[in-house]
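Hi,

Here is the structure for you to look over. My notes follow below it.

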Amino acid sequence: MDTNMQNTPKITKESKNKIRVEFERTPLKERLKAKFMNMYFFQRVAFYIFRLVLLIGVSYVVLFPFFTKIAGSFMSPEDFVDVTVRLIPKNFTLDIYKAVLTELNYVQAFTNTLIISVSGAILQTFVCCLIGYGLAKFKFRGNKLIMMLVILTMIVPHQTLQLSMFMQFRYFDVLGILSFLSGGANIAFMPEAFNEMLAGINVINLPDHGLALTNTYWPLLILSATGLAFKNGLYIFLLRQFFTGVPDALEESAYIDGSGVFRTFLTIILPLSVPMMVTVFLFSFCWQWMDDFYTELFFTTNKIKLMPDVVDIPNSLKMDYAGTNMYEAAIRNTCGICIIFPLVILYAFCQNFLVQGIERSGLTAD
């Protein structure tokens, strides 16, 4: 073996340069033939063509429905009964968009949904960070049990909790405190002035069993602030996985410098987890933006317009002739486009953070 290694000629830098010079001196026809007329080049070209055709086919299957919906939103009713019209409208019009913006109160629904989504996403991101950090970095009795309960919140269907959640916020009363105060009960060990103050609370118009928080933002904000809102179990799990991979040396060095647990969390841990926090914020914002389960559950009247209420047929566009069904379907598709358009803009600016957060969330696992 050593003899074969000794007999193998060594390729030096000078020999490489000599081969390159000799190749450049050969005629152009010979160089092109040597470069392109070989099996390796044909294999690369065949693989490139196969990959290009595959990507174009998949993109067509995925994007074609979106193209048809976008094209239909600019068509007039006459285009839907014209068999020659496919994707390009003959009578280009913005009537559907104008009717959606004006008659369906799109701006009001946009503002209300934006307030709920932003406030809920901020609360959920911070609370889930705090819970995920505690479960990842602090070993205490019941840690695994709490994590199992967090996973359970992702498994149990929300429909099973629908009635209990509605009744909880329809007659909201934590531990019966409001009912106790509204009853004006005297407390034996309290001063008489305090009991008189409690008795005066009777003038507050409270329901029979608590505060009616339905048809307000409070149910969604309370659920978000307590870590019990929609998909919070998933956010806690992702953040816990991320915080598990953070080196303990960073926290130990902060503790040595005199920093407390909460200060270390705010000044060291949170800045490190910005990509992951942005990912959780985007998930939370998008899910609450498109949510119709909680909004239909807690908003039982039409006083507060939200994005799900935008999907309707404006009165000015209602008609009865051939092609009405296709035209009404195009109107509803346009409503959907108006709803998801802000999410597309948000994703366009935050996609890098989203990819980084998803990658980092799966680096470590128990």
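Which residues gather in a patch of negative charge on the surface? They are D292, E296, D309 and D312. Keep in mind that this is a predicted model.

Take D312 from that patch. D312 sits in a loop, the one that runs between α17 (293-298) and α18 (324-361). Its relative accessible area is 39%. D312 therefore counts as partly exposed, since that class lies between under 20% for buried and over 50% for exposed.

There is also a nonpolar patch on the surface. F47, F50, L54, V58, Y60, V61, V62, L63, F66, F67 and I70 form it. Together they have about 1,100 Å² of accessible area. V61 is one of these residues, and its place is in helix α4 (residues 39-72). Is V61 buried or exposed? V61 is exposed, because its relative accessibility is 60% and the cut-off for exposed is over 50%.

Next, L114. This residue belongs to helix α7, which covers residues 106-137. L114 has a relative accessible area of 32%, so it is partly exposed. What does L114 touch, leaving aside residues up to four places away in sequence? The contacts are F285 and W289. M307 is another residue to check against L114: the two are 193 residues apart along the chain, yet 9.4 Å separates their C-alpha atoms.

Best wishes

Key. Residues are numbered from 1 along each chain as its sequence is written. This is a predicted model: local features need pLDDT of at least 70, side-chain atom pairs count only at pLDDT 80 or more; totals for chains, interfaces and linings use all residues. Side-chain values use heavy atoms; hydrogens and water are left out. Helices (H or I, at least four residues) and strands (E, at least two) are DSSP runs, numbered from the N terminus. Buried means under 20% relative accessible area, exposed over 50%, partly exposed in between (1.4 Å probe, protein chains only). Contact means heavy atoms within 4.5 Å. Patches are made of residues with over 30% relative accessible area and no salt bridge: like charges are joined within 9 Å, nonpolar side chains (Val, Leu, Ile, Met, Phe, Trp, Tyr) within 5 Å. Accessible areas come from the Shrake-Rupley method with a 1.4 Å probe; for residues, only the protein chains shown count as cover. A salt bridge is a side-chain nitrogen of Lys or Arg within 4 Å of a carboxyl oxygen of Asp or Glu. Lys and Arg count as positive and Asp and Glu as negative; His and the chain ends are not counted. The place of a charge is taken as NZ of Lys, CZ of Arg, CG of Asp or CD of Glu.
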